[in-house]
Amino acid sequence: MRFWVCLALWCVCAFSVQARTPPPITTLTQAEAVRGDLTSMQPPDTGWQRVELLDIWTKRWPHHDGAVWYRLSWDQADAAQPTALIVDYTSLAAAVYVNGSLVARDQSLVEPMSRKWQVPRYFLLQAPVLRQGKNEVLVRVSGLAAYQPGMGTVQVGDPKTLLPVYNRDVLVRYDLQLLDAAIGLVMASVFGLFWLLRRQDTTYGWYALSGLFSGMHGYNYVARSTWPFPTTDAWQAFNAACFVASVVAQVLFLLRFSDKRLPRIERVLIAVAACIFCLALALPHWMGPARNSYLFPSIVLAYLANIAFIVFALRNRRKDYVVLALCLCLPILVSFRDLGVYLGWLAESEYLGAITSPISVLGMGFVLAYRFSNTMKRVEGFNAELTEEVQRATSTLKETLESRHALELAHGRAGERLQLVRDLHDGFGGTLAGAITRLSNADDGMSKQQLVSLLAEMRDDLRLVIDNTAQERADLAAVIVPLRHRAGKLFEAKGIDDYWTLSGLEDLDLGSSRHLDILRLLQESLTNVFKHSEATRVDIALQRKADRLTIEVRDNGQGLARRSDASTVMGGAGMASMKHRAMRLGSALHIDSNLDGTCLRVEVPI
């Protein structure tokens with residue numbers, strides 16, 4: 001609030017300085033004028049006409065591009081008394097002579113002309129330049145008809161009186177213009193950075209572009225030359241194109257700020273601004289002199305857009321809308337006065353928009369910062385809500401994981417029980433079946449020694465799972481040896497010849513779990529041969545070839561085709577167990593059964 005109060009007081013002081021009545025001074029408003037050649041540094045002898053200052057010579061010579069000489073005079077009571085002289089306005093470049101002596105000359109009086117049109121000229125005159133009695137001022141003004149060429153009033157008087165007047169004019173015409181352009185460019189840079197960080201919020205981007213082009217247009221009031229352009233036409237064409245672009249960017253900014261979109265109109269405005277820019281660069285000698293043809297529609301568009309936004313803001317009554325609307329009101333009113341100066345309706349040479357423009361720029365900056373602050377507050381609120389949601393989701397996920405872990409433990413226990421059943425069926429079950437057969441075929445007088453030996457074999461088989469699990473390192477050949485020994489005794493008791501082929505199993509360690517699966521798969525297949533095949537010969541082969549281990553059990557007994565319970569055997573627990581173990585080994589169980597016997601085959605990847 002303190003800032004806005006200070007700014008208001010500063011504006012009031014600026015206007016009060018302008019309105020302050022200075023001590024009596026001589027203001028020369030009557031002059032004689034004559035057209036001259038642009039390259040000539042001497043005025044013509046004839047053709048002088050009386051003119052009223054401020055004079056825009058296109059009212060008299062509509063198409064004159066070149067030089068005009070202005071001659072004025074005043075009476076000096078005391079030539080020894082220093083006298084100040086102010087030339088209010090010269091457009092575009094000028095040379096000033098007092099009593100025939102050159103007192104000031106712009107660097108370039110021909111194309112590209114110097115640009116000192118906005119700043120008054122102050123001279124401190126004293127003897128011998130001054131004369132007692134009548135003194136004459138001769139001003140050569142170089143200008144182009146399209147850019148308001150002419151000359152303003154001349155003031156003569158005491159230096160102590162005129163110097164504050166000159167300083168006030170410099171403040172309004174140059175310093176404030178420079179400050180206005182600087183503030184606009186700084187604000188454009190700041191909000192341009194905001195836009196780069198938040199590309200989705202184009203409000204900041206259009207405001208930054210509006211400020212950038214407005215600052216480039218405002219440089220016209222402080223530039224002293226046409227650099228980097230080679231001619232005045234090129235400079236004016238570019239400057240006018242910047243004004244059009246700033247108006248289009250401001251219209252789009254107001255639309256975005258109001259949360260409105262008019263896609264077709266926006267595309268047309270952007271296309272028109274781009275086209276004018278291209279033509280200004282490509283055809284400056286036409287676009288410069290013809291600048292009013294596209295400046296006036298842009299001015300009308302700016303008024304319509306700003307007035308429409310003010311009406312919208314007053315109806316909507318949202319705080320940031322109202323603040324921006326109020327900041328636009330004073331600059332709009334002052335712009336009517338500046339438009340009258342531009343069109344020649346007012347006999348003035350200074351533009352006051354720079355006094356009120358900072359209010360508009362800072363107001364826009366305030367409301368954009370206000371909106372950005374609200375956006376950050378919403379983001380912070382969203383982050384807080386997101387944090388709560390994440391915490392709730394984390395809690396839910398933790399409960400789900402705990403429940404899943406408990407379920408996996410239950411599944412693991414069930415799998416362990418199922419594995420135990422399979423191991424008992426495939427290992428101990430086969431041994432038990434062999435023991436029953438041996439007891440059935442034994443004589444009634446079976447010795448205690450034989451019975452103990454049979455029970456020991458059953459005990460050893462029951463311990464097989466524990467032994468294989470506890471073993472850290474063992475090759476497959478060492479694991480197969482006990483099975484071969486026990487199976488050989490069973491087949492011998494049954495009268496079945498067994499032939500074993502073990503190839504490449506030395507130093508082959510597949511891990512205890514895979515060893516156990518291979519062992520149980522062999523046990524179940526040999527048990528089936530022993531119990532169901534009625535074979536007289538069985539061949540067991542385990543052969544390692546490259547990266548594969550081939551397991552094959554072949555008998556010459558009755559095939560499944562001769563058995564009435566073939567379907568029961570294929571769907572039984574033993575067959576399912578073998579298939580499951582083959583799948584765990586990364587393979588599949590292949591069974592080939594015909595009238596000549598049965599062959600079981602598994603190929604295990606190593």
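This is a predicted model: local features need pLDDT of at least 70, side-chain atom pairs count only at pLDDT 80 or more; totals for chains, interfaces and linings use all residues.
Trainee: Is A325 buried or exposed?

Mentor: A325 sits in helix α8, residues 319-343. Its relative accessible area is 2%. The cut-off for burial is under 20%. So A325 is buried.

Trainee: Which residues is A325 in contact with, leaving aside its neighbours within four places in sequence?

Mentor: Start with the C-alpha atoms of A325 and V311, which are separated by 8.4 Å. Those two residues are 14 apart along the chain. Contact takes heavy atoms within 4.5 Å. The contacts of A325 are F309, I310 and A313.

Trainee: What does F309 touch, not counting residues up to four places away in sequence?

Mentor: A325 is one of its contacts. Two others, Y321 and L324, are touched as well.

Trainee: Which element gives the largest share of the largest nonpolar core?

Mentor: That core has 60 residues, and F253, F257, F309 and L324 touch the most other members. Elements giving two or more residues to this core are α2, α3, α4, α5, α7, α8 and α9. The largest share is 19 residues, and it comes from α4.

Trainee: How many residues are in the second, separate core?

Mentor: Its members include V479, A487, I540 and V602. The count for this core is 34 residues.

Trainee: Why is α3 described as largely enclosed by the rest of the structure?

Mentor: Look at the residues of α3. Among the buried ones are W206, Y207 and F213. Helix α3 is largely enclosed because the buried residues number 12 of the 17.

Trainee: How far apart are the end C-alpha atoms of α3?

Mentor: Helix α3 has 17 residues, at 1.5 Å a residue. The span should therefore be 24 Å. The model agrees, with the end C-alpha atoms apart by 24 Å.

Trainee: Which strands are at the edges of the open sheet?

Mentor: Four strands make up this sheet, in the order β1-β13-β6-β10, with antiparallel pairing. An edge strand pairs on one side only. The edge strands are β1 (26-28) and β10 (121-125).

Trainee: Which residue in β10 is the bridge partner of V87?

Mentor: Strand β6 covers residues 83-87. Five bridges join β6 to β10, and the two run antiparallel. For V87, the bridge partner in β10 is R121.

Trainee: At what angle to β6 does helix α2 run?

Mentor: Helix α2 covers residues 159-197. It lies across β6, β10 and β13. Its angle to β6 is about 25°.

Terms used. Residues are numbered from 1 along each chain as its sequence is written. Side-chain values use heavy atoms; hydrogens and water are left out. Buried means under 20% relative accessible area, exposed over 50%, partly exposed in between (1.4 Å probe, protein chains only). Two strands pair if DSSP finds at least two bridges between them. Axes are lines fitted to C-alpha atoms, for helices over the stretch in contact, and angles run from 0 to 180 degrees between N-to-C directions. A nonpolar core is a set of buried Ala, Val, Leu, Ile, Met, Phe, Trp, Tyr and Cys residues joined through side-chain atoms within 4.5 Å. The expected span of a helix is 1.5 Å times one less than its number of residues.
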